[in-house]
Amino acid sequence: MAGLIIIGGCNSSTNKKSESNIIVFHAGSLAVPFKLIADGFMKENPGIKVLLESAGSRECAKKITDLNKPCDIIASSDYTVIRDLLIPKFTNWYVNFATNEMCIAYTKKSRMADKIDSLNWQDILLSKDVSFGRSDPDSDPCGYRVVQMFQLAEKYYRTKGAAEKLLAKDQQNIRPKEVDLLALLE
């Protein structure tokens, strides 16, 4: 649903970085692969250190636009973050390199896990016995995509008012980025 994006040269006009460092801001969902990539790169290039900083995609962009933090590469989980917040002042290009999908994640131990299906998931999530989390729509693309998904589901399933009810439920479980929800799930 959301494309993963890398751009280069962000904020290069004000970048006062050391020649031996590459500063990478990346979406939290990319933490594991980017650590592997950075470790491999540093092994092959021992004089260069890759500095990784993980946050929600919009938060990564705001570090560049609002805080003027130096950055060489930003990897976003939504191309619109690059298009809308960084072009043309901070970069003039980006590359889509992957996509992902939205899902409802649960474990075998989750309440009503044995009952949830493609037709009743809204009712299950709205059950008083079930709580769920989502990421913050103001800082993470997954967060605003969940809002859109609930709205689209309301239309698709013809469940008037369901999106509003889902968005109002379990506000205490909203986290800055989707990877922060894994601890709640576990």
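Predicted model: local features only at pLDDT ≥ 70, side-chain atom pairs only at ≥ 80, totals over all residues.

Reader: Why are an angle and a distance given?

Author: In general, two packed helices are described by the angle between their axes and the distance between the axes. The crossing of H2 past H3 is right-handed.

Reader: Which residues of H2 and H3 meet?

Author: From H2 come Ser 57, Arg 58, Ala 61, Ile 64 and Thr 65; from H3 come Val 81, Leu 85 and Leu 86. Sorted by type, the residues of this contact are 5 nonpolar, 2 polar and 1 charged.

**The chain as a whole**

Reader: How many helices and strands are in the chain?

Author: The chain has 7 helices and 7 strands. Along the sequence their pattern is β-β-α-β-α-β-α-β-α-β-α-α-β-α. The chain has 186 residues, and 39% of them count as buried.

Reader: What share of the contacts with a separation of 6 or more comes from residues 24 or more positions apart?

Author: Such residues account for 72% of those contacts.

**Nonpolar cores**

Reader: What is the general idea behind a core?

Author: In soluble globular proteins, nonpolar side chains tend to be buried together. In this model the largest nonpolar core has 14 residues, and Trp 121, Leu 125, Phe 132, Phe 150 and Leu 166 have the most contacts inside it. At least two of its residues come from each of helix H4 (121-126), helix H5 (141-157) and helix H6 (162-168). H5 gives the largest share, 5 residues.

Reader: What does Leu 166 touch, not counting residues up to four places away in sequence?

Author: Leu 166 touches Trp 121, Gln 122, Leu 125, Leu 126, Phe 132 and Phe 150. There is also a second, separate core of 13 residues, and among its members are Ile 23, Val 81, Leu 86 and Tyr 144. Val 81 and Leu 86 were named above, on the H3 side of the contact with H2.

**Reading burial**

Reader: Is His 26 buried or exposed?

Author: The cut-off for buried is under 20% relative accessible area. His 26 has a relative accessibility of 2%, so this residue counts as buried. His 26 lies in strand E2 (residues 21-27). Beyond its neighbours within four places in sequence, His 26 contacts Ala 31, Phe 34, Leu 52, Glu 53, Ser 54, Ala 55, Cys 60 and Ala 75.

Reader: Where is Ser 139, and which residues does Ser 139 touch?

Author: Ser 139 sits in the loop between strand E6 (134-135) and H5. Its relative accessible area is 11%, so Ser 139 is buried. Setting aside residues up to four places away in sequence, Ser 139 touches Gly 56, Ser 57, Arg 58, Glu 59 and Pro 176. Of these, Ser 57 and Arg 58 also take part in the contact of H2 with H3.

Reader: And Ser 77: buried or exposed?

Author: Ser 77 counts as buried, at 5% relative accessibility. Its place is in the loop between E4 and H3. Ser 77 and Gly 28 are 49 residues apart along the chain, and their C-alpha atoms are separated by 8.8 Å.

**Backbone exceptions**

Reader: What should I look for in the backbone?

Author: Most residues other than glycine have a negative phi, and most peptide bonds are trans. Asn 68 has a positive phi of about 55 degrees and is not a glycine. Asn 68 belongs to the loop between H2 and strand E4 (73-76), and at 48% relative accessibility counts as partly exposed. Met 112 has a positive phi near 65 degrees. Met 112 is in the loop between E5 and H4, and its relative accessible area of 26% makes this residue partly exposed.

Reader: Which residues does a cis peptide bond join?

Author: The cis bond joins Ile 87 and Pro 88, with omega about 5 degrees. Pro 88 is in the loop between H3 and strand E5 (95-99), and Ile 87 is placed in the loop between H3 and E5. With a relative accessible area of 29%, Ile 87 is partly exposed. Not counting residues up to four places away in sequence, Ile 87 touches Ile 82, Asn 92, Trp 93 and Tyr 94.

Note on methods: Residues numbered from 1 in each chain as written. Heavy atoms only, no water. Left-handed = near helix turned anticlockwise from the far one by under 90°. Helix = DSSP H or I, 4+ residues; strand = E, 2+ residues; numbered from the N terminus. Contact = heavy atoms within 4.5 Å. Nonpolar A, V, L, I, M, F, W, Y, C, P; charged D, E, K, R; others polar. Buried < 20%, exposed > 50% of the residue type's maximum accessible area, 1.4 Å probe, protein only. Core = buried A, V, L, I, M, F, W, Y, C linked by side-chain atoms within 4.5 Å.
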